[in-house]
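Student: I'd like to go through the charged residues in this one. Can you take my questions as they come?

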Amino acid sequence: MKTSECYLPEGSYTALPGVRQALCSLDALCRAQDEGMILEAAVQRCTAAHDLLFDFGFAQGVMPRACCALGVAEGSTREIAILSRVGKPTCFVVTEVDETTDPPTAWLSRTIAQQRAQDYLLDTLRPGDVIPAAVTHLEPFGAFVDVGCGVASLIGIENLSVSRIFHPGDRLTVGQQIYAAVRSVDRQARRISLTHRELLGTWEQNAALFSPGETVRGVVRSVEPYGVFIELAPNLSGLAEPRGDIAAGTVVSVYIKSILPQRMKIKLTIIDVLAPCAEPPLPQYFITEGHIDEWVYTPASCDKKHIATVFA
């Protein structure tokens with residue numbers, strides 16, 4: 001996996017033994033300060049001045065507003081980035097410990113951790129690298145994810161899967177841990193863009209999970225005059241006969257009539273309408289680490305539309 005254990009998505013640090021030990025006592029917290037260790041704890045409260053407060057038991061933690069997120073001090077990051085941290089694991093480094101207060105006060109900075117993570121990622125990542133990420137919020141145009149210490153990156157909706165979806169919520173949920181591949185690194189703009197679909201397998205890899213004669217679950221993705229496109233897996237859809245009582249988003253059971261690699265086509269028959277799913281199914285990854293130079297979705301025997309990604 002192309003990443004550093006020093007810079008993980010927020011929510012990943014709490015389970016690390018070193019982080020747990022550093023938050024057990026004041027002496028351990030001071031050692032973590034001396035070492036510049038990145039720690040993590042849940043925010044307890046946001047003050048009216050938008051400072052974040054933490055409770056370590058043996059000490060209180062205070063993160064001043066300007067230290068809560070990159071861009072807050074400059075005005076390029078909205079205040080919601082601070083308010084939304086309450087109750088959530090948040091990364092920080094300790095900048096100062098004041099033992100004269102009761103309880104002692106630890107002054108914290110998330111921006112230092114984020115700056116270090118961003119610098120590292122911009123310096124080391126290149127297109128095609130596979131990294132872990134955590135979904136932070138969803139917009140109609142894509143999913144924002146945390147690639148390390150709260151540093152945000154975007155996966156456009158068109159890059160979430162080969163199967164077309166109407167909203168990223170059809171594929172992902174907030175808080176979900178995922179994998180992504182780097183599409184581009186813009187060091188001048190300090191921006192990393194990601195893609196997801198290349199990790200979900202080629203047409204042949206997905207089609208190998210199914211056999212003609214089986215009846216399986218699927219989700220209707222679009223209804224056309226000539227047929228109904230039904231997603232069997234995030235990177236695999238089939239076509240069923242037209243039906244007037246079916247709408248996009250409907251969960252159905254389908255009978256697999258045939259699988260035709262040379263035409264990149266799966267013929268289906270809708271059997272029944274099923275109860276809707278509460279959440280999108282977890283993705284099945286075919287790649288979770290390393291580097292990709294080129295990804296070809298289309299079977300070699302197929303002369304239809306060629307779908308591929310070249311990472312440059």
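**Charges, pairs and distances**

Tutor: Start with Glu-198 and Arg-197, whose side chains meet in a salt bridge at 3.5 Å, N to O. Keep in mind that this is a predicted model.

Student: Is Glu-198 buried or exposed?

Tutor: Glu-198 counts as buried, because its relative accessibility is 2%. Arg-197 is buried too, with a relative accessible area of 16%, and buried here means under 20%.

Student: How many salt bridges does the structure hold?

Tutor: There are 9 salt bridges in the structure. One of them joins the side chains of Glu-10 and Arg-110, at 2.9 Å from N to O.

Student: Which parts of the chain does that pair tie together?

Tutor: Glu-10 lies in the segment before α1 (17–22) and Arg-110 in helix α4 (residues 110–124), so the pair links parts that are 100 residues apart in sequence.

Student: And are those two buried or exposed?

Tutor: Glu-10 is buried, with a relative accessible area of 10%. Arg-110 counts as buried as well, at 5% relative accessibility.

Student: What is the nearest side chain of opposite charge to Asp-146?

Tutor: That is Arg-110, 6.1 Å away.

Student: Then what does the side chain of Asp-146 reach?

Tutor: The backbone nitrogen of Glu-10, at 2.6 Å. Glu-10 is also the residue whose side chain meets Arg-110 in a salt bridge.

Student: Where is Asp-146 found?

Tutor: Asp-146 sits in strand β8, which covers residues 142–148.

Student: New topic. Which residues are linked in a network of salt bridges?

Tutor: Asp-170, Arg-171, Arg-221 and Glu-231 are linked that way.

Student: Which residue forms a salt bridge with Asp-245?

Tutor: Arg-243 does, and the closest N and O atoms are 2.8 Å apart. Asp-245 is exposed, with a relative accessible area of 55%. Arg-243 counts as partly exposed, at 27% relative accessibility.

Student: Where does Gly-244 lie?

Tutor: Gly-244 is in the loop between β14 (236–240) and β15 (251–260). This glycine is exposed, with a relative accessible area of 88%.

Student: How far apart are Gly-244 and Pro-9 in space?

Tutor: Their C-alpha atoms are 45 Å apart, and in sequence the two residues are 235 residues apart.

Student: Where is Lys-267 found?

Tutor: Lys-267 belongs to strand β16, residues 265–273.

Student: How accessible is Lys-267, then?

Tutor: Lys-267 is partly exposed, with a relative accessible area of 31%. Patch residues need over 30% relative accessible area and no salt bridge, so Lys-267 passes that accessibility cut-off at 31%.

How values were computed. Residues are numbered from 1 along each chain as its sequence is written. This is a predicted model: local features need pLDDT of at least 70, side-chain atom pairs count only at pLDDT 80 or more; totals for chains, interfaces and linings use all residues. Side-chain values use heavy atoms; hydrogens and water are left out. Helices (H or I, at least four residues) and strands (E, at least two) are DSSP runs, numbered from the N terminus. Buried means under 20% relative accessible area, exposed over 50%, partly exposed in between (1.4 Å probe, protein chains only). Lys and Arg count as positive and Asp and Glu as negative; His and the chain ends are not counted. A salt bridge is a side-chain nitrogen of Lys or Arg within 4 Å of a carboxyl oxygen of Asp or Glu. A polar contact is a pair of N or O atoms within 3.5 Å; within protein, one must be able to donate a hydrogen and the other to accept it, and residues adjacent in sequence count only if both atoms are side-chain atoms.
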